[in-house]
Amino acid sequence: MTAWVAAPPRDTRDTLFLLAVVAWVVLMQVAHVPWWCSALAVSVLAWRAVLALRGLPLPAWPWRLGLLLLTLAGTWGTHGTVLGKDAGVTLVVMLLTLKTLEMRARRDAFVIFFLGFFTLLTHFFYSQSLLTAAGILIALLGLLTGLVNAHMPVGRPSLAQAARIAAGMAAMGAPIMLVLFLLFPRLSPLWGTPGEDRGRSGLSASMRVGQIAELVLDDSIAFRVRFEDDTPPPQAELYFRGPVLSAFDGVEWRPLRSGFPPAQALGSELAVSGEAVRYAITMEPNRRPWLFLLEAAEQVPEVPGMRVRMTNELQWLTERPVSSLLRYSAVSHTTFRHGPREAVLALQDHVQLPAGYNPRTLELAVQLRREHGSGPGATPRLVNAALERLRTGGYTYTLEPGVYGQHTADEFWFDRREGFCEHIASSFVILMRALDIPARIVTGYQGGERNGVDGYWTVRQRDAHAWAEVWQAGQGWVRVDPTSAVSPGRIGSLQRLGAPEGALAGALRTLDPNLAARVRAAWEAVNNSWNQWVLNYTQGRQLDLLKGLGFKTPSWTDLAYVLIGVVVFVSLLGAAWTLWERQQHDPWLRLLQRARARLAALGLDSADHTPPRELARRVQGRWGTTPAAQGIAQWLLQLEAQRYARPGHAGTPTLATLQRQFRQLTWPRKEPR
């Protein structure tokens, strides 16, 4: 029994190896499929492993049909459909695992191999990171190893040998993959992922105030910034502008749809001053048509393959949602003015408040007007009074404010006195509007942190922020960040928000307080290099490659010519390699052929299928027992033994020894005709 466990039969060993590879493929999708799918897949694979180990028969068709129906029902119950990306991935994962329950013949194994290859592609629906690529490479080598092993002859060939062959195949395919990566036309992704509205830090197209009891900080990267000459503005001035929210229904802030005719709509009227800030942003996919630029950008950013436009609220939009990594260059000014300088009718949209909400905030506005005056001239005093109240009124910044009720601003100003940036910004703008001061909410990202390894600034989802803009006569829209009055450390570099660290990061921090930060910075720098050189290899960079090859004005036609030329060259190179390899195929046969040719030159002809033993007999029959004939015959018998003797047989010479002896043989003289 112990010997069997140490060395199970080949069928059992191969089955267990294939199940391990399938388990790895499924494991990579655990975060993207329903919990029941993961549990059912693990159960099926474990069941199949037990059947293989015990040599039991596979389940009958009613079991497989029942599991299939259970999978379809679970998929429908979870996703409401069996079509689409998420439902499709769930079905593919389960079909891959269920197929192992009917793996009886080599044909069934081949189906699993190719279904596994297809499942690997689905991982790129959710992530194209370096870590995902590494996991897929491991799975690919595992599937190739299983495929090679399935074609190996009967017996018990080692998996290590199959793995070496699979690795060689992958290495030979790598140059072709590199050529296709460099020259095959870049295509936009054919899929998209809908956004998720959960209680995590980040941005959305609207802001529902008070409905999230606890904000979970998302430490994932939103975008990376590389400043020209590595001279960024102060961190407190790093405001990356996103959606602007001006319409409020008492619960939710949304972008404004003004009822005024286009001729009376508010214009951007942007005027920049001071030194320009030049930078490049590498933005992660957000499935939104948003570009995040440092306030404020007057020039159109350079976005390869996309048309972009700026709204009157200074938000930059793309023509389609950003569904893949996007790199663009921009020029901004941190000193700027925008919006109308004098009061216009369309500003009334920004003082509207829904009736029946926040009565105590309205009373506070009446009190502030009595104390500081009213009218356009009193706006700076009223803004400062509201900020002073935030600074000195016992207000706190917290990520666990609890769920607010109907009157969110009243609860913030008078009852709870705590919240995160959306509570503070919303309550501040509501108070401003109650004071008849046009105001709106701007969302985006604030701050970031510099990676000391590659010099890029990393802006994370936890850096998502909301601030206010108020309109002042003679100045236009003015940024006011009420969160800085409640928690000055939230703005700038004093007290950046951090997500809870995991067990590994905590252990590293215990060993060395700076080790976890250094390891993380190094890993993110490696990921950023992957993004810049692989994921961000765009159509423009393809054409730049052709310019480097001497094309003055490259086009897609030139790219096709280069690709065809490379394919033809590689094909000719492969044909030459095949011809050379055929000539070098079997050194034993080449040595035997040399002996045949030498004997044929002496008048002793033989067929290609004549074995060495027969040649030795003919040599002795032709030249008798002369020393030369005996030496040649003995050499031919040793050549046969080298090929067909049992491994390790004593006295069997090596092929190199026989080659050396062949050069030292004495050959009979050719007989005259």
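Just after helix H4, Gly80 takes a positive phi of about 75°. The model is predicted. H4 itself comprises residues 61-79, and its end C-alpha atoms lie 27 Å apart, in agreement with the 27 Å that its 19 residues should span at 1.5 Å a residue. Buried positions in H4 are Arg64, Leu67, Thr71, Gly74 and Thr75. These residues are on the same side of H4, because they cover an arc of only 100° around the axis. Helix H3 (35-54) and helix H5 (85-99) are among the elements that cover them. On the face turned away from the buried side, H4 carries the exposed residues Trp61, Leu69, Trp76 and Gly77.

Strands S19 (residues 464-472) and S20 (residues 476-480) run antiparallel and are joined by 5 bridges. Glu469 has Arg479 in S20 as its bridge partner. The hairpin has 3 residues between the strands, and Gly474 takes a positive phi near 85° there.

The structure holds 19 salt bridges. Three of them are listed below.

| Glu102 | Lys99 | 2.7 Å |

Glu295, in the loop between strand S9 (293-294) and strand S10 (308-310), and Arg479 in S20 are 184 residues apart. Glu295 is buried, with a relative accessible area of 1%, whereas Arg479 is partly exposed at 30%. Salt bridges link Arg241, Glu295, Arg440, Glu469 and Arg479 in a network. In the other pairs, Arg224 is buried at 3% relative accessibility and Glu284 is partly exposed at 22%; Lys99 is buried at 15% and Glu102 partly exposed at 25%.

Note on methods: Residues are numbered from 1 along each chain as its sequence is written. This is a predicted model: local features need pLDDT of at least 70, side-chain atom pairs count only at pLDDT 80 or more; totals for chains, interfaces and linings use all residues. Side-chain values use heavy atoms; hydrogens and water are left out. Two strands pair if DSSP finds at least two bridges between them. Helices (H or I, at least four residues) and strands (E, at least two) are DSSP runs, numbered from the N terminus. The expected span of a helix is 1.5 Å times one less than its number of residues. Buried means under 20% relative accessible area, exposed over 50%, partly exposed in between (1.4 Å probe, protein chains only). The arc is that of the directions from the helix axis to the C-beta atoms. Contact means heavy atoms within 4.5 Å. A salt bridge is a side-chain nitrogen of Lys or Arg within 4 Å of a carboxyl oxygen of Asp or Glu.
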